[in-house]
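Take a look at the model below.

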Amino acid sequence: MIRLTRLSAIGLIGVICTAVGAETGQLPADQLEKAVRSDSISIPTPAELFAALEKPGKTNWSSQYRGPMPMTYRNRAQIALNLGGLIADGFIAVEAKDRQQVKNIGSDIIRLAKALGVSESLLSRGNSINDFAEHNEWDTLNEELEATQNEVKSSMQSHSDQDLVILVSVGGWIRGTQVVSGAIMKNYDERSAKVLRQPALVRLMQSKVNEISPELRGEPLVKDVSQELNGIEKLVSFPPGKAPNIEEVRKLNEAVGKVMEKIESKTIAR
Amino acid sequence: MKRLLPIFLSIVVLAAVHSLRAETDAEVEARKTALDLAGAFANDGFKTRDGHWCGTVKPHDHALVAVNLYAGNQYWFSVGASEPSTKITVSVYDETGKQVPTETHNAGEKAAAGFSPANSGQYFVSIDLIEGREGSFCLIYSYK
């Protein structure tokens, strides 16, 4: 009888655990609205996007490289946007396991970051990137690139340049989306195309850009990027479960490509 | 009495400074706990994001953090809490507010929830304080 009681108790615990595991609650919309949305955790890194793209099959990462870009920008907003794009390029080179490309991009990141006057400690990050690339430590390189991005952002915050932080994230997301949509166009697969659905993320970036100082927001490049994000939001808003078709992917690729051209252009920003 | 007043004020100021320091220390402690937990997932090939979010949670209440995830990836959300919070749980909700089934790991002041989103988009991580008093927590996440 005692043994049976024990067995019943164990069974009951099992039922409770199953019940808790299967519990499905619902949060009201007003609570979702009040959720914390922060650059540090709500905006994914390009590495997360690239990891998801890799799942259905091998990606030809090196076909997504772009040519050398100018390193002589003077406009701080433009430098921040390009810095984000360059960090995304660093993640691409890591995915491609291309030692030399990682080193070149690492040097460019440090050069652009120095142009913004961010902390000297970043120089040691540049050396680490070179060392890890030399020893083919690709996982560690992913971490190092993310740490570099975060160090750039915290250095901006301590230099009262917090408005530029979101521009680094925006630049990284635009370049990452350009690369991923380009890769999907070359080898269309519904599962891969599903990664492009990110309406809330684009809305979050838009809202953060709207919070920056009116002076910075009024700069032609920032204004342009902000306006283009409105159109891009529509292009990444598919119903849950539906993958964009190849034509929709092409439209998105063209839209983000157009923004990247503006970000890279030497003539648009004053 | 007048001589005692400055001493009393000093004690109040010191207590306030101490409590501010304690709050910062509590966040550091919570982050360390969350990182310890995430370390276990790293052994399984999960990469831990460098970003994190620290906040406070009240008894029988929850803190909600929005994240944007990609279909195809697997995720673990690890949370550490510091005293006087003693038992927390983590759950995940989709963009409509519906709870998502997750694997869970609960061990007092540390808890984790893991799942693979079927759709890319916004999700909400809820940190619930089940036992203990209001305290700090820290959320980090890992993916592969």
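The paragraphs below describe the fold, the contact and the packing in turn.

This is a predicted model: local features need pLDDT of at least 70, side-chain atom pairs count only at pLDDT 80 or more, and totals for chains, interfaces and linings use all residues. Residues are numbered from 1 along each chain as its sequence is written, with chains lettered from A and ligands numbered from 1 in the order in which they are written.

Start with chain B. It has one helix and 10 strands. Both are DSSP runs, numbered from the N terminus: helices are H or I with at least four residues, strands E with at least two. From the N terminus on, the order is α-β-β-β-β-β-β-β-β-β-β. Of the 144 residues of chain B, 48% are buried (20 or more other C-beta atoms within 10 Å of a residue's own, C-beta atoms being placed from the backbone).

Now the contact between the chains. Chain B gives 30 residues and chain A gives 41 residues; two residues are in contact if their C-beta atoms, placed from the backbone, lie within 7 Å. On the chain B side, β2 (53-57), β3 (62-69), β9 (121-132) and β10 (135-143) each supply at least two residues. The largest share, five residues, comes from β3(B).

Finish in chain A. Helices α9 (residues 162-186) and α14 (residues 246-264) of chain A pack at about 140°, with axes 9 Å apart. Axes are lines fitted to C-alpha atoms, for helices over the stretch in contact, and angles run from 0 to 180 degrees between N-to-C directions. Among the residues that meet are Gly171(A) in α9(A) and Ile263(A) in α14(A).

Technical notes:
Buried ≥ 20, exposed ≤ 12 C-beta atoms within 10 Å, placed from the backbone.
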